[in-house]
Amino acid sequence: MSLTLLLFLILGVLSIASAIVTISSRNPVVSAMALVLHFFMLSGLYLTLQAQFVAVMQILVYAGAIMVLVVFVIMLLNLGDEKKLSEKWNIRRIVAILFAFVLAIQFISIYITNLPDAAFIPESAAFNGTVQAIGTDLFTNYLVQFEAIAVLLLAAIVGALLLAKRKIT
Amino acid sequence: MPEIGWILVEAGVKAVFIVILILSAAAVSVYAERRVSAIIQLRLGPNRVGPFGLLQPIADVFKLFWKEDVVPKAADMGFHRLAPVISLGIAIAVYAVIPFAHYIEIGGTKYYFGIAPNVNIGLLYILAMTSVSVYGITLAGWSSNNKYSLFGGLRSSAQMISYELSMGLSLIGVLMITGTLSLNEIVLQQSGWGWNVFVQPLGFIIFLVSSFAETNRTPFDLPEAEPELVGGFNTEYSGMKFGMFFLAEYANMATASAFIVLVYFGGWQIPFDIGLGAGSIALALVQFAWFLAKVIFFILFFIWVRWTVPRFRYDQLMNLGWKVLLPLAILNIVITGVWIMIFG
């Protein structure tokens with residue numbers, strides 16, 4: 001058994017387990033922390049695929065910034081009675097289960113038709129995952145998209161400031 | 001497989017050494033903190049245990065081990081136990097990418113001083129770990145089920161999120177000049193006296209101030225301001241759990257010092273030729289000592305600032321972070337860019 005496969009198995013099992021805890025836990029803080037663990041496991045999986053930059057960004061942005069904000073909000077709101085939040089059987093739930101079933105069938109059929117025998121990582125992956133390669137791509141091939149996203153984010157920041165500065169009457 | 005086994009053994013041995021080094025460094029800096037604060041306040045400080053009180057940290061640790069571990073009834077047991085582990089664990093995890101010296105060569109193989117000092121994302125890795133370390137404090141505050149702890153935790157999250165931005169942005173100047181994220185490569189480019197602090201003075205000052213805030217040290221120690229918050233996030237902690245927060249704080253201080261030395265003060269590079277061949281054990285040890293000396297200087301600087309500068313008010317802290325440091329950091333990037341465009 002190679003080290004990559006071993007790491008993949010450990011990280012894969014832990015990431016699925018933490019994802020299940022995230023959606024099934026009644027306690028919002030447990031849920032949030034399980035999601036943080038999930039992000040760590042995902043970042044480990046990216047590392048086994050040689051995607052260093054994506055791996056670190058996963059932790060820096062998702063675990064380090066977005067989830068901190070989520071935990072912050074959970075603690076400030078202090079949701080007390082979680083039982084009130086639980087949903088009853090309704091049409092939405094039935095449709096959701098139906099779609100989940102379809103998705104499961106798709107996954108199984110893909111797995112049956114082409115069994116993955118070995119993880120295939122192309123030779124170029126080691127370079128493509130570096131910050132240099134991603135930076136070069138961002139500022140040459142995808143420059144317009146990159147700048148467009150920058151403008152969009154700026155607009156979002158201005159919007160957030162406007163909402164925060166509004167006087168409450 | 002045997003090769004993988006050797007890699008694991010090498011990493012394991014290095015990890016044990018580094019953990020011992022960090023924990024002893026933390027213990028020594030606790031002693032240094034008490035002695036230096038005593039000198040600054042015209043006192044004597046701890047001088048009873050051992051010669052000059054040098055065994056005081058050991059006595060402290062023994063005391064913490066034997067204390068009763070009190071947990072409030074309404075606390076969230078799991079997270080209350082987990083929080084100090086996260087704090088100390090992350091403080092130690094950062095050292096995976098820190099190079100302590102260059103390398104020693106035995107039989108054609110290079111052994112680097114550090115677990116992974118050459119990874120090309122070292123700098124980002126440290127930033128990622130410092131951004132995650134806020135969980136330890138936040139969870140400690142929340143799980144204690146005590147309003148003072150919660151306030152301490154919330155303040156700390158707000159502070160760390162705010163100062164992370166200017167910290168990351170101040171490093172971009174260095175990245176633009178060196179063109180690499182690998183810490184060993186950044187150190188190699190600062191040979192002689194070509195320290196980054198001379199080319200990035202503004203970035204260095206921003207980084208220094210932000211690292212004071214990130215490590216929750218005075219003048220930014222609002223999360224544990226004793227007159228208003230009892231003890232802050234660790235109010236409800238006792239025994240060795242408190243000890244772990246304590247160690248984590250000093251380990252973070254050592255990390256911040258090491259980071260400053262590596263990025264701005266030439267790391268392990270010796271500025272003059274001392275006539276030892278590259279890869280020899282003697283040279284590596286001299287580099288290690290040189291690096292350590294600079295780190296100790298910055299730890300003493302951290303202590304000195306703590307006992308001379310008063311604490312900020314909360315609004316002053318936020319204003320400094322968002323309205324002063326952040327624009328300055330962006331200005332630093334612009335200046336560096338223009339400089340590289342004209343002279344680069």
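Predicted model: local features only at pLDDT ≥ 70, side-chain atom pairs only at ≥ 80, totals over all residues.
1. **Domain layout of chain A.** Chain A splits into two domains: domain 1 spans 3-129 and domain 2 spans 130-169. Where they meet, 6 residues of domain 1 contact 4 residues of domain 2.

2. **Area of the interface.** Interface size is often expressed as the accessible area lost when the parts come together. Between domain 1 and domain 2 of chain A, about 460 Å² is buried. Carbon and sulfur atoms give 72% of that area. On the domain 1 side, the residues that lose the most area to domain 2 are A:Phe53, A:Phe127 and A:Asn128. Together these three make up 71% of what that side buries.

3. How many salt bridges does the rule find across the interface of domain 1 and domain 2 of chain A? The count is 0.

4. **What domain 1 brings to the contact.** In chain A, helix H3 (52-77) and helix H5 (125-128) are the elements that give two or more residues to the domain 1 side. H5(A) gives the most, with 3 residues. By class, the domain 1 side that touches domain 2 has 3 nonpolar residues, 3 polar residues and no charged ones.

5. **B:Thr138.** This residue sits in helix H5 of chain B, residues 134-143. Is B:Thr138 buried or exposed? B:Thr138 counts as buried because its relative accessibility is 4%, and the cut-off for buried is under 20%. Setting aside residues up to four places away in sequence, B:Thr138 touches A:Val71 and A:Met75 in chain A, and B:Gly153 and B:Ser157 in chain B.

6. **B:Leu188.** Helix H7 of chain B, residues 183-188, holds B:Leu188. The relative accessible area of B:Leu188 is 34%, so the residue is partly exposed. Which residues does B:Leu188 contact, leaving aside its neighbours within four places in sequence? They are B:His102, B:Trp268 and B:Gln269.

7. **A distance to check by eye.** B:Leu188 and B:Leu88 are 100 residues apart in sequence. In space, their C-alpha atoms are 30 Å apart.

8. **In brief.** The chain A domain interface buries about 460 Å², and the rule finds 0 salt bridges across it. In chain B, B:Thr138 is buried, whereas B:Leu188 is partly exposed.

Definitions and conventions
Residues numbered from 1 in each chain as written. Chains lettered and ligands numbered in written order. Heavy atoms only, no water. Helix = DSSP H or I, 4+ residues; strand = E, 2+ residues; numbered from the N terminus. Buried < 20%, exposed > 50% of the residue type's maximum accessible area, 1.4 Å probe, protein only. Contact = heavy atoms within 4.5 Å. Domains from an automatic or database assignment. Buried area = accessible area lost by both parts, 1.4 Å probe. Salt bridge = Lys/Arg side-chain N within 4 Å of Asp/Glu carboxyl O. Nonpolar A, V, L, I, M, F, W, Y, C, P; charged D, E, K, R; others polar.
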